[in-house]
Amino acid sequence: MARVYNFSAGPAVLPEEVLREAAEEMLDYKGTGMSVMEMSHRSKAYDTIIKEAEADLRTLLKIPDNYKVLFLQGGASLVFASVPMNLMKNRKAGYILTGQWAKKAFAEARIYGEAVELASSADKTFSYIPDCSDLPITDDMDYVYICENNTIYGTKFHTLPDTKGKILVSDASSCFLSEPMDISRYGMVYAGVQKNVGPSGTQVVIIREDLITDDVLPGTPTMMKYKIHADNESLYNTPPCYGIYICGKVFKWLLKNGGLEAMKETNEKKAGILYDFLDESELFQGTVRKEDRSLMNVPFVTGNEEMDAEFIKAAAAAGFVNLKGHRSVGGMRASIYNAMPVEGVEKLVAFMKEFEREHGR
C-alpha cells in the first residue's frame, strides 16, 4: 500500500528518509550486529548516538553554553508536574491559558502551590492569543508559563509575553524545531517529541543551568529532579534509547535541509497554501484569529457536523488521513509539521476544492 498523507497532530508524520535509514539499521546498527533497540545505553555506540543528538540540537537552535539539554521519558504531560516541582521555590507562578494543554499544566501546578491565571482566551474557545504586554505579574512569582503553540486550537504566540523579568517556561511541543527560537529568552523550553521530531515517549528539556538545583519541592521523586538528569547527562537510568536515536536522525535531516531558517520558510509556504484557500472558500472556514494562526496546526470547519463527518470520511478514502479535529472541539484539523511535504498540502487543498464543488452551497 502506498504511504498516505498523515495529518495527525501526534504521533505524527516523520521524514520518509529518516524512516528508511532506521529500517536499514534495524537489525545491524553500523556493524554492531544488533539493533539500537537491543543496545546498552552504557555502550560506546549508544554514547555516540546521544552525544551527537545533543550536539546537533545545539547547532540547530544555537543553544547557549549555559543551558543544559536533557532527553527524558514521559512526554510533555509529565513536565506539567516537574516544572513546579523544580522551579516553584516560592510556591507561586503565573500561567497564561490558551488551550487544553495550558489548562492541564495549570491544574497540575495548583497541586504544588498557587498557580495564578494571568490571561486567558477561553472566552472565545481559545481561538486567539490574549494580550500579554502588561500582565498582572507579582514579585513573588517564580515563573510565567505558556503553551507556545496550541495543537488543538491552532494558535501560536508570535510575540512572547512580557514576563517583567520573571523566568519564562514554554511548552513548545507542537512548534519545536519548526522555526528558529532565541533560547536565551527562556528559562526553560520543553517538548514532547511526537509532534515534530520523533516517536512518542521522549521529552526534550532545555533549561538554564542556574535553574538546576537541589532546591526542589519536598517529596519530589528522584526521577523528576532535573539536577539528577543534568549531572548524569540524561543517563541516570535507561533513557528512551530508540526515541532519542530517531530524534537524532531528524536533527541531521533538518541540518541537511538548511536548518530552521529554511524549515520556517517551507512551513510558511505550506500554511499559506492552506490558509489562503480557507480565506476564500465558501464551504470551509478557519477558526483562528488571523494574526494568531499556527504554522503547524490548522483547524477548520464547514459549520455543519454532518458535512464535516462526510468530508473526513471522503478525505481518508482519498489518502488524507487523521483530519478529524480533537474530540473536545470537533471539526477538522490539518497538522502540517516539518515532515509533511508541500505536495501533501497542495493535494489536500485540491481535494478540498473538489469537495466544495460537489457539496457547495
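Below are my entries, one topic at a time.

**Entry 1: what I am looking at**
I note first that this is a predicted model. I keep that in mind for every value below.

**Entry 2: the seven-stranded sheet**
I asked in what order the strands of the 7-stranded sheet run. I read β2-β10-β9-β8-β5-β3-β4, an open sheet with mixed pairing. From one strand to the next, I get an average twist of 20°.

A reminder to myself: strands in a sheet pair through backbone hydrogen bonds, and they do so either parallel or antiparallel.

I then picked one pair to look at. Strand β9 (residues 188-192) and strand β10 (residues 202-208) run antiparallel and are joined by 5 bridges. In that pair, I see Gly192 opposite Gln203 of β10.

Next I looked for a helix on this sheet. Helix α4 (residues 100-112) packs there and touches β3 (92-97), β4, β5 (143-147) and β8 (167-171). I put the angle between the directions of α4 and β3 at about 160°.

**Entry 3: the three-stranded sheet**
I also looked up an open sheet of 3 strands, in the order β11-β12-β14, where the pairing is antiparallel. Its edge strands are β11 (285-286) and β14 (332-335), and each of them pairs on one side only.

How many bridges hold β12 and β14 together in the antiparallel sense? I count 4 between β14 and strand β12 (residues 297-301). For Val298, I find Ala334 as the bridge partner in β14.

I followed the side chains along β14 as well. Met332 and Ala334 point one way, Arg333 and Ser335 point the other way, and all are buried. Helix α7 (residues 259-280) lies across β11, β12 and β14. I have α7 running at about 20° to β12.

**Entry 4: the largest pocket**
I wanted to know how much space the largest pocket holds, and I wrote down about 310 Å³. It is lined by 22 residues, and the closest to its centre are Ala9, Trp101, Thr151, Gln194 and Lys195.

Which element gives the largest share of the lining? I find helix α3 (residues 75-87), with 4 residues. Sorting the lining of the largest pocket by class, I get 7 nonpolar, 11 polar and 4 charged residues.

The peptide bond from Gly10 to Pro11 is cis, and I read its omega as near -5°. I place Pro11 in the loop between β1 (5-6) and α1 (16-24).

Leu177 has a positive phi, near 70°, although this residue is not a glycine. I find Leu177 in the loop between β8 and β9. Is Leu177 buried or exposed? Its relative accessibility is 0%, so I file Leu177 as buried.

Ser234 also has a positive phi in a residue other than glycine, near 65°. I see Ser234 in the loop between α5 (226-231) and α6 (241-256). Ser234 counts as buried because its relative accessible area is 4%, under the 20% cut-off.

**Entry 5: two residues I clicked on**
I picked Leu160, in the loop between β7 (155-156) and β8. Its relative accessible area is 15%, so I list Leu160 as buried. Leaving aside residues up to four places away in sequence, I find that Leu160 touches Ile146, Glu148, Leu168, Arg185 and Tyr186. Leu160 and Ile146 are 14 residues apart along the chain, and I get 9.0 Å between their C-alpha atoms.

I then went to Glu354, in helix α9 (residues 342-359). Glu354 has a relative accessible area of 32%, so I call Glu354 partly exposed.

Note on methods:
Residues numbered from 1 in each chain as written. Predicted model: local features only at pLDDT ≥ 70, side-chain atom pairs only at ≥ 80, totals over all residues. Heavy atoms only, no water. 1 Å grid on protein atoms, 1.4 Å probe; cavity = no way out; pocket = protein on both sides within 12 Å on 5 of 7 lines; lining within 4 Å. Points joined across faces, edges and corners; volume = space filled by probe spheres on them. Helix = DSSP H or I, 4+ residues; strand = E, 2+ residues; numbered from the N terminus. Nonpolar A, V, L, I, M, F, W, Y, C, P; charged D, E, K, R; others polar. Pairing = 2+ DSSP bridges. Contact = heavy atoms within 4.5 Å. Axes fitted to C-alpha atoms, helices over the stretch in contact; angles between N-to-C directions. Buried < 20%, exposed > 50% of the residue type's maximum accessible area, 1.4 Å probe, protein only.
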